[in-house]
Amino acid sequence: MTPAKFCLLFACTLTYISIYAQIGVRQTAAVEEVKTGYDSLSNIILGPTVKNYIGQEIYIVPFTKQSPTQVYTGFTTDLGEAPADGFKDIAGTTFKIVEIKEVPSGEYHSRAAGIYFKLANAKYPALYYKLGAYIRPRLSEYHPFIFSGYFEKLKQLNVGQEFITPYTVTDAINLNTGKGIECKEGSEWKCVDLTYIELASSNRATLVYVFKNAAGEEIAVAPVEKGRGVSFNLDEFRRKSEVVAKQQQEEAEEKARLAQEKKDKAQQAAQAAKNAAASAEAKKLRRENLIKKYGERQGTIIADGKVEIGMTPA
């Protein structure tokens, strides 16, 4: 190898090593796992956060009186046995979720495999509810219970608030009489309660807000999605406080617009008066200069824009 080729090879190798040496791995701090709790804003069970429900209280939604033969499914007192139908005595009671239990496939009875809430109250120190073979988002209507925290959050947000009917409904039901009433668009209602009521269209009690008007009439309003027997859901109403705030904002904006319009007109009038004064002053000065130059008679004629026979251009 000639000295020239050796030097070229050495230079290339040195450059490669230099570039490679610039690539490194930066050491960063270990990322701590962020633990989130149940925020009571929904009644949906999500798989990745199922352990967040430990310590929460649930209320078992009762069946309606017209469904005396209905029983609860998915409950068992023994994880070694598949959940069975029954447990009618738990209707309208509360339980605390004390543990999440998982029964692997192949252990105990084959139908027992799945993920469970371990529940407890004074009567049942250990009652298990099967959430499913695996966890996926499931809305409240798929489960026979509601989280007490979710119920209290709904109550806190809306009970005591005033609302305005979004449109006219002619087939609303007065909860006090069972008779139909007309809810006119723009009528005002106050949310006085959040409770379960029995509807002929459902075999399980239905969660509703109770809205009351000045006449003492009461209607049912669904917290989320309305079903048969409920004429409104909450999202369809307008909060009176928001309506009033919007009206006040619009009135303030209109007042500000009128004030600005008045100010602009005053400024325009002032500018017009200023321009008129300046024009008058300019005309006065021109008249004085013309009189000074051509005399009183001729200067006045020229200043007034008149022409006299025998006059020459100024």
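**Labels and their cut-offs**

Author: Ala214 counts as exposed, at 89% relative accessibility. This is a predicted model, where local features need pLDDT of at least 70 and side-chain atom pairs count only at pLDDT 80 or more, while totals for chains, interfaces and linings use all residues. Residues are numbered from 1 along each chain as its sequence is written, and side-chain values use heavy atoms, with hydrogens and water left out.

Reader: Why is Ala214 called exposed?
Author: Exposed means over 50% relative accessible area, buried under 20%, and partly exposed in between (1.4 Å probe, protein chains only). Ala214 has 89%, so it counts as exposed. Ala214 sits in the loop between strand 12 and strand 13 (218-222); strands (E, at least two residues) and helices (H or I, at least four) are DSSP runs, numbered from the N terminus.

Reader: And what makes Cys183 and Cys191 buried?
Author: Cys183 has a relative accessible area of 1%, so it is buried. Cys191 also has 1% and is therefore buried.

Reader: How do you know how many disulfides there are?
Author: A disulfide is a pair of cysteine sulfur atoms within 2.5 Å. By that rule the count is 0.

Reader: What makes a set of residues a nonpolar core?
Author: The set holds buried Ala, Val, Leu, Ile, Met, Phe, Trp, Tyr and Cys residues joined through side-chain atoms within 4.5 Å. The largest such core here has 44 residues, and Phe117, Leu119, Phe147, Phe211 and Ile219 touch the most other members. Strand 11 (residues 188-197) gives the largest share, 4 residues. Apart from this core lies another, of 6 residues, including Leu199 and Val208.

Reader: Which residues are in contact with Ile219, leaving aside neighbours within four places in sequence?
Author: Contact means heavy atoms within 4.5 Å. Among the partners of Ile219 are Cys183, Trp189, Phe211 and Phe237.

Reader: How do you know that strand 11 and strand 12 pair?
Author: Two strands pair if DSSP finds at least two bridges between them. Strand 11 and strand 12 (residues 206-212) have 7 bridges and run antiparallel.

Reader: Why are strand 14 and strand 15 called edges?
Author: The open sheet has 6 strands in the order 14-13-12-11-8-15, with mixed pairing. Strand 14 (232-233) and strand 15 (238-239) each have a single partner strand, so one side of each lacks a neighbour in the sheet.
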